[in-house]
Amino acid sequence: PSNGATFGVAYPLRVTFNKPVHNRQAVSDALDVETTPHVEGSWYWINTTTVDYRPESFWPEGTVVNLNSNLAGVDAGDGLWGVANTTSSYTVGRSEIININLKTDRMKVVRDGKTVGNYPVSGGMAGWQTRNGTMVIMEKVTDKHWVNTAIDAPTPYSLYSQWALRMTDSGEFIHDAPWATTSLGDVNTSHGCVHMSTADMHALFDET
C-alpha cells in the first residue's frame, strides 16, 4: 500500500520486485514489519517477484503498519543485489466485512462488529461457480459493461451495471443486475459474479 494511505482490514502488505528473486529467504529476512499495536504475521511468496505479508486473520482496526525494506547489499540470487533501503507506513481503517453465503443467497455486511446490511443476492451457476474464500475489494467501478466474450461464455450477452466492486483480477465482481432480480435470494444464475438489486448495490457501493 502507498505510504500514508488507509486500507481495509483484509488488505495484505505487498512488496513487488522488478526482477525475479531467487534467494527468497534472504530477501524476506531483510523486510522488517513493525505494527502498532503488535500483530503477528508472516511472509508468503505469491510468485518470484511478489511477496505478501499478512496476519493470521484480519488486521485489527486502526493498526499502523510500518515496513522497513533493508535491501541495500542483499544478495537476491542470480547476480542481483538490493540497492536501497526504504520505509513506508500505512493505517488500517475501520472494519467492514462482507459475508456472502451462496447456499442461502444472502449477503450480510458487518461494520465494526455490527450488522449494517442484509441483502438478497445471486451467485455463479453450475459450471460458473463464484470462487470461495476470503477476498479483498480491489476496485470500485461505475457504468460497467458486461459482454460474454470477456470470459468466453458461449451464450451472447451485452448488459450494463451502474455500480460494481471488483473481487478478483480474473473479473469477479459484486454488482447490480436489474436483468436478474427474480433470482436474488433464490437461485444462482450468474457467470461468477455476485448479483444484487440496483438499490442495494448502490448502498453497498457508497459504504464500502
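## Briefing: pockets and strand pairing

By class, 10 nonpolar, 10 polar and four charged residues make up the lining of the second largest pocket. This briefing concerns a predicted model.

- Two or more lining residues come from each of the elements β13, β14 (158-166) and β15 (173-176).
- Strand β13 supplies the largest share of this lining, with four residues.

**The largest pocket**

- A volume of about 900 Å³ is found for the largest pocket.
- Among the 30 residues that line the largest pocket, Glu 96, Ile 98, Met 135, Val 136 and Ile 137 are the closest to its centre.
- The elements giving two or more residues to this lining are β10 and β13 (139-147).
- The most is given by β10, which contributes six residues to the lining of the largest pocket.
- Sorted by class, the lining of the largest pocket has 16 nonpolar, nine polar and five charged residues.

**The sheet of β10, β11 and β12**

- In general, the strands of a sheet pair through backbone hydrogen bonds, in either a parallel or an antiparallel manner.
- Here, three strands form an open sheet with antiparallel pairing, in the order β10-β11-β12.
- Because β10 (96-101) and β12 (114-120) stand at the edges, each with a single partner strand, one side of each is left without a neighbour in the sheet.
- From one strand to the next, the twist averages 20°.
- Six bridges join β10 to β11 (residues 106-111) in the antiparallel sense.
- Ile 100 has Met 107 in β11 as its bridge partner.
- Helix α2 (residues 198-207) lies across β10, β11 and β12, and runs at about 145° to β12.

**The pairings of β9**

- Which strand runs parallel to β9 (residues 85-92)? Strand β1 (residues 6-7) does, and two bridges join β1 to β9.
- Opposite Phe 7 stands Val 92 in β9.
- Strand β6 (residues 64-70) also pairs with β9, in the antiparallel sense and over seven bridges.
- The bridge partner of Leu 67 in β9 is Ser 88.

Conventions
Residues are numbered from 1 along each chain as its sequence is written. This is a predicted model: local features need pLDDT of at least 70, side-chain atom pairs count only at pLDDT 80 or more; totals for chains, interfaces and linings use all residues. Side-chain values use heavy atoms; hydrogens and water are left out. Two strands pair if DSSP finds at least two bridges between them. Axes are lines fitted to C-alpha atoms, for helices over the stretch in contact, and angles run from 0 to 180 degrees between N-to-C directions. Contact means heavy atoms within 4.5 Å. On a 1 Å grid over the protein atoms alone, a cavity is a set of points where a 1.4 Å probe fits but cannot get out, and a pocket is an open set with protein on both sides within 12 Å along at least five of seven lines; lining residues have an atom within 4 Å of a point. Grid points are joined across faces, edges and corners, and a volume is the space filled by probe spheres set on the points. Ala, Val, Leu, Ile, Met, Phe, Trp, Tyr, Cys and Pro count as nonpolar, Asp, Glu, Lys and Arg as charged, and the others, Gly among them, as polar.
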